[in-house]
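Biologist: I have the sequence and the model open side by side. Can you walk me through what is in there?

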Amino acid sequence: MGKSSEIKVEKGKTKKDRKGRLLIQIGIIFTVIFVVIIPAFAVIHVVGNMRTYLEAKREFLSPIMKNAEEQIDKEIKNLEWYLRYWHGHEKEIRVNVIDKWDSINVDDTNLLSLIESDDVTYEQLDALSDREQLQIASYAYTIMYAYLSLSQWQMINESLFAFDIFSEKPGYVYADGGVLETVDVNLGLQLWENGDVPEPILDYIDGKNIKDQYERYEFKKDGEYYYVGYHPVVKDGKILYVIAIVHNWSDYHSTLIRNLIILIVISAALLVAAAAILLHFVNRTAVRPLRRVQDAVRTYRGDKESSAVIDKMSRITLNNELGELASDVSDLVIEIDRYNDENTKLVGEKKRVETELNLASEIQKGVLPIVFPDEKDYRLFASMNPAKEVGGDFYDFYPIDDTHVGIAIGDVSGKGVPASLFMMITKMLIKQFALAGNSAAQVLQKTNEMICAENKNNMFVTVWFGILDRTTGKITAASAGHEYPILRGSTGEFRLIKDKHGFVIGGMEGCKYKEYELELEPGSTLFLYTDGAAEATNSAEELFNTDRMLEALNKDPELQPEELWKAMDRAIDEFVGDAPQFDDLTMVCIRYNGGFEPSV
């Protein structure tokens, strides 16, 4: 008892410790969701804003670079010659432009016509003096510088410059729209000089993608963020130079990150507050009602008091599934109480029926003879094994006079108590008419008349009835639809006797039955049975049948009736195996020895 109590206490502690786990689990789920949602929201926010900002910059910058290209192309003729010239005269051009600004003015009419003419050739330009070439190149540089500077001013604090990508000095800057030493311009030069060639430029060199390209770039030196755009200037399918624009968007990036942090903090705070409110709501509207349901079920399981359960469930007034659950639990315990009451009644009724069936079984056994004759001239043994507590089979034997014995075996349609009652009435009528001195056929005829007169339930019975003359061994018999008897002479094997069948008793009024005779020599054996023997079925749905019965009897045909019955019963059991018995099983065995001497 102590051990059992300890186990119950431990179980109770375990269940008590589980309280609150649902809220913890829901809280964990919320936490996981928030941990996933907040970073995802932050990433979406950053990426979305970044893309929007950079796309807007691209749409803003592309027309400016295109306009610079068009203005330079309009003002500078034979641009390819000037670009080639600048490669070897960069310092002279810069000194000439910056230190000698006035010398840029072109007063020579012939030189001015060359600058403004669309038809001037490279040969004509190459034929000019060094001073004239420098003056023309300086003029072109001034034009390019002017338009690049103008474009830069339009963009406000942007760096715009033109550089080469095919010369021996990749990244060579032809002209810039600001001071070459500014950070932005140095960034553009560093992209090239450090060997960190941008992917868009590589595409230009390989001739893969001749169109505007943009990329983000983080300057490793100072951690600044830049947005770099490239615009190729194409003539006759050849890229002459590239206009590059460098936009420092570090301030915007910093602002974006700062706003992002603020957004994350505010979102986290709001989510935590929302989670707390939601957990409180879940606890109030779900967890607490579920605990009440749980406590009510445990209470009912312990003391089976339905009123306490109904009282607890009535306090759950939610207008949702939990409210319906509480109502269903109340209905359930009421149904369980009703079921238990009915079950208690059924158990009592079942016990009463079992008692009555046992009593009926004892009564049935009492009406069947259990003391078997072991006379000098004949021996008889019989058995009846019902499929239920009581059965519809019967057997009987009794002396009619000093020299004659009546032997009967029958099988009532159906099973159970009705069949048992019908069997006892039939058995009693047969014995009554037999003792009155009637022949075998008359006994069956009179019994059938009596049964048919009161047979409101249309039950019937198969009967074999015979009268043994102990002095001669002759049996006069009649059959009311019963199984064929099996006979063995004094020597040889058992064989099936296909006798003349009349109609079953109780089946129809006015039936006549024919008699026939069986000659039993000293040493002969007659075996009678009901269909429960021949129709015994195994798990494979196979019948035992009369062939197997003959085989079992002929294994040792000299056995006495009781031993012969045991051999047959054993053969049927081995054949049936674990399959249930579906029909009553009755057998009667008579061995005639002869030599009867009636008393005087």
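Biologist: How much of the protein is buried?
Modeller: Of the 600 residues in the protein, 44% are buried, where buried means under 20% relative accessible area, exposed over 50% and partly exposed in between, with a 1.4 Å probe and protein chains only.

Biologist: What should I know about the model before reading on?
Modeller: This is a predicted model, in which local features need pLDDT of at least 70, side-chain atom pairs count only at pLDDT 80 or more, and totals for chains, interfaces and linings use all residues. Residues are numbered from 1 along each chain as its sequence is written, and side-chain values use heavy atoms, with hydrogens and water left out.

Biologist: What is the mean pLDDT?
Modeller: The protein has a mean pLDDT of 80, with 82% of its residues at 70 or more; pLDDT is the predictor's confidence in each residue, from 0 to 100.

Biologist: Where is confidence lowest and where is it highest?
Modeller: Lowest in helix α1 (residues 2-17), with a mean of 42, and highest in strand β10 (residues 474-480), at 97. Residues 1-17 have pLDDT below 50, and this stretch has two contacts in the model beyond near neighbours in sequence. A contact means heavy atoms within 4.5 Å. Residues 179-185 also stay under 50, and there the model has 18 contacts beyond four places in sequence.

Biologist: How many helices and strands?
Modeller: The protein has 17 helices and 15 strands. These are DSSP runs, numbered from the N terminus: helices are H or I with at least four residues, strands are E with at least two.

Biologist: Let's take α16. Which of its residues are buried?
Modeller: In helix α16 (residues 545-553), the buried ones are Met549, Leu550, Ala552 and Leu553. They span an arc of only 160° around the axis, so they are on the same side of α16; the arc is that of the directions from the helix axis to the C-beta atoms.

Biologist: What do the buried residues pack against?
Modeller: Against β11 (486-488), β12 (495-496), β14 (524-529), α15 (531-534) and α17 (561-576). The face turned away from the buried side of α16 carries Asp547 and Glu551, which are exposed.

Biologist: And what caps the N-terminal end of α16?
Modeller: Asparagine 545 does, with a side-chain oxygen 3.1 Å from the backbone nitrogen of aspartate 547. Asparagine 545 is partly exposed at 28% relative accessibility, and has a positive phi of about 60° although it is not a glycine.

Biologist: Why point out the phi?
Modeller: Because most residues other than glycine have a negative phi. Glutamate 541, in the loop between α15 and α16, also has a positive phi, about 65°, without being a glycine. Glutamate 541 is exposed, at 64% relative accessibility.

Biologist: Switching to rings. How many aromatic pairs are there?
Modeller: The structure holds 14. Rings of Phe, Tyr and Trp (its six-membered ring) pair if their centres lie within 6.5 Å; planes under 30 degrees apart count as stacked, over 60 as edge-to-face and the rest as tilted. Tryptophan 81 and tyrosine 85 are stacked, because their ring centres are 5.4 Å apart and their planes at 20°. Both sit in helix α3 (residues 79-88), four residues apart, which is about one helical turn. Tryptophan 81 is buried at 1% relative accessible area, and tyrosine 85 is buried at 9%.

Biologist: Which residues form the aromatic cluster?
Modeller: Trp86, Tyr141, Tyr145, Tyr174 and Tyr241.

Biologist: What does histidine 231 touch?
Modeller: Leaving out residues up to four places away in sequence, histidine 231 touches Met65, Lys66, Glu69, Tyr204, Asp212, Tyr241, Val242 and Ile243. Histidine 231 lies in strand β4 (residues 224-235) and is buried, at 6% relative accessible area. Its side chain makes a polar contact of 2.5 Å with the side chain of glutamate 69.

Biologist: What counts as a polar contact?
Modeller: A pair of N or O atoms within 3.5 Å; within protein, one must be able to donate a hydrogen and the other to accept it, and residues adjacent in sequence count only if both atoms are side-chain atoms.

Biologist: Is aspartate 393 buried or exposed?
Modeller: Aspartate 393 is buried, with a relative accessible area of 0%. Its side chain makes polar contacts with the side chains of threonine 530 at 2.8 Å and threonine 586 at 3.0 Å.
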